[in-house]
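Dear colleague,

I am handing over the structure below for your study.

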Amino acid sequence: MKFFIDTANLAQIAEAESMGILDGVTTNPSLMAKEGIKGKDAIMKHYTDICKIVNGDVSAEVMSSDYESMIEEGKELAALDKQIVVKIPCTADGIKAIKSLGDMGIRTNCTLVFSTGQAMLAAKAGASYVSPFIGRLDDIGANGIELVSRIVNIYRYYGYQTEVLAASIRSVQHIIQCMEIGADVITSPLKSILALLNHPLTDNGLKIFQEAADQMTK
Ligand code: G3P
């Protein structure tokens, strides 16, 4: 399964990259704004800075919502770097833009997906990735993991190549459940990825081994 980090913070991206487990990055306008980025030039430079840190795909989201503007933004973003995947919201204009950008050879990530119907349209339009939002569904009492599982099964049944990029991840448990249901990618804050390492038996076992090593070497 691919691990993407869901942040625009360059330090966190560099930390994840240094671990050797990072396959890509996803951003969105909220994550970009959180970094204090102002102005179109700074936004575009930030995406190229992210591409310099990580070797994998970098999702950069359009900020417009009409078809023509999304096409123009998508072409500009894709021209920044071959790693850029243009993130497009799952709307009527968005699906149309995904199809048109795909016809131009531009890869897309259909985002803000909350149903199997939306995921089906994203795949039919030729999106490279679909981003179902787990945490935001859980926040309203729905079952985000169940949606991801249903999308994975539907795509397998019809043979769609669109990769299921599980997003809006809030916990280690979300990551583990995505592993078990066969999501192609998870995108997560660094803290949930790092928390996969945590186990008290590992800590205790290492303490015992270090005590034994000290006996032998001191
Ligand atoms: O960046 C897409 C998605 O992962 C954001 O989800 O709910 O954490 O804002 P959320």
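Asp41 is exposed, with a relative accessible area of 66%. Here, buried means under 20% relative accessible area, exposed means over 50%, and partly exposed lies in between, using a 1.4 Å probe and the protein chains only. Asp41 belongs to helix α3. Helices (H or I, at least four residues) and strands (E, at least two) are DSSP runs, numbered from the N terminus. Between Asp41 and Ile71 there are 30 residues in sequence and 18 Å in space, C-alpha to C-alpha.

Please note that this is a predicted model, in which local features need pLDDT of at least 70 and side-chain atom pairs count only at pLDDT 80 or more, while totals for chains, interfaces and linings use all residues. Residues are numbered from 1 along each chain as its sequence is written, and side-chain values use heavy atoms, with hydrogens and water left out.

The protein as a whole

The secondary structure comprises 11 helices and eight strands. Along the principal axes, the C-alpha atoms fill a box of roughly 70 × 40 × 30 Å. Of the 218 residues in the protein, 45% are buried. The protein exposes about 11,000 Å², of which carbon and sulfur atoms supply 55%; such areas come from the Shrake-Rupley method with a 1.4 Å probe, and for residues only the protein chains shown count as cover. A contact means heavy atoms within 4.5 Å. Among contacts between residues at least 6 apart in sequence, 57% join residues at least 24 apart.

Ile71 is one of the buried residues of α4, together with Tyr67, Met70, Glu73, Gly74 and Leu77. The elements that cover these buried residues include α3 (40–53), β3, β4 (84–89) and α5 (92–103). How far apart are the end C-alpha atoms of α4? They are 20 Å apart, which agrees with the 20 Å that its 14 residues should span at 1.5 Å a residue. The expected span of a helix is 1.5 Å times one less than its number of residues.

Ser64 is in the loop between β3 (57–61) and α4 (67–80). Is Ser64 buried or exposed? Ser64 is buried, because its relative accessible area is 18%. Apart from its neighbours within four places in sequence, Ser64 is in contact with Ser69, Met70 and Glu73. The side chains of Ser64 and Glu73 are joined by a polar contact of 2.5 Å. A polar contact is a pair of N or O atoms within 3.5 Å; within protein, one must be able to donate a hydrogen and the other to accept it, and residues adjacent in sequence count only if both atoms are side-chain atoms.

The ligand

Which residues are around the ligand? They are Asp6, Asn28, Lys87, Phe133, Arg136, Ala167, Ser168 and Arg170, where a residue is near a molecule if one of its heavy atoms lies within 4 Å of it. An N or O atom in the side chain of Asp6 is 2.5 Å from an oxygen atom of the ligand. For the side chain of Lys87, the corresponding distance to a ligand oxygen atom is 3.4 Å, and for a polar side-chain atom of Arg136 it is 2.8 Å. Taken alone, the ligand exposes 310 Å², and the protein buries 82% of that.

Ser168, one of the residues around the ligand, is in the loop between β7 (163–166) and α9 (172–181). Ser168 counts as buried because its relative accessibility is 8%. Its phi is near 55 degrees, a positive value in a residue other than glycine.

Leu112 and the cysteines

Leu112 also has a positive phi, near 60 degrees, and is not glycine. Leu112 is placed in strand β5 (residues 108–113) and, at 32% relative accessibility, counts as partly exposed.

The structure holds zero disulfides, a disulfide being a pair of cysteine sulfur atoms within 2.5 Å. Cys90 is in no disulfide, and the nearest cysteine sulfur, that of Cys110, is 3.7 Å away. Cys90 counts as buried, at 14% relative accessibility.

With kind regards
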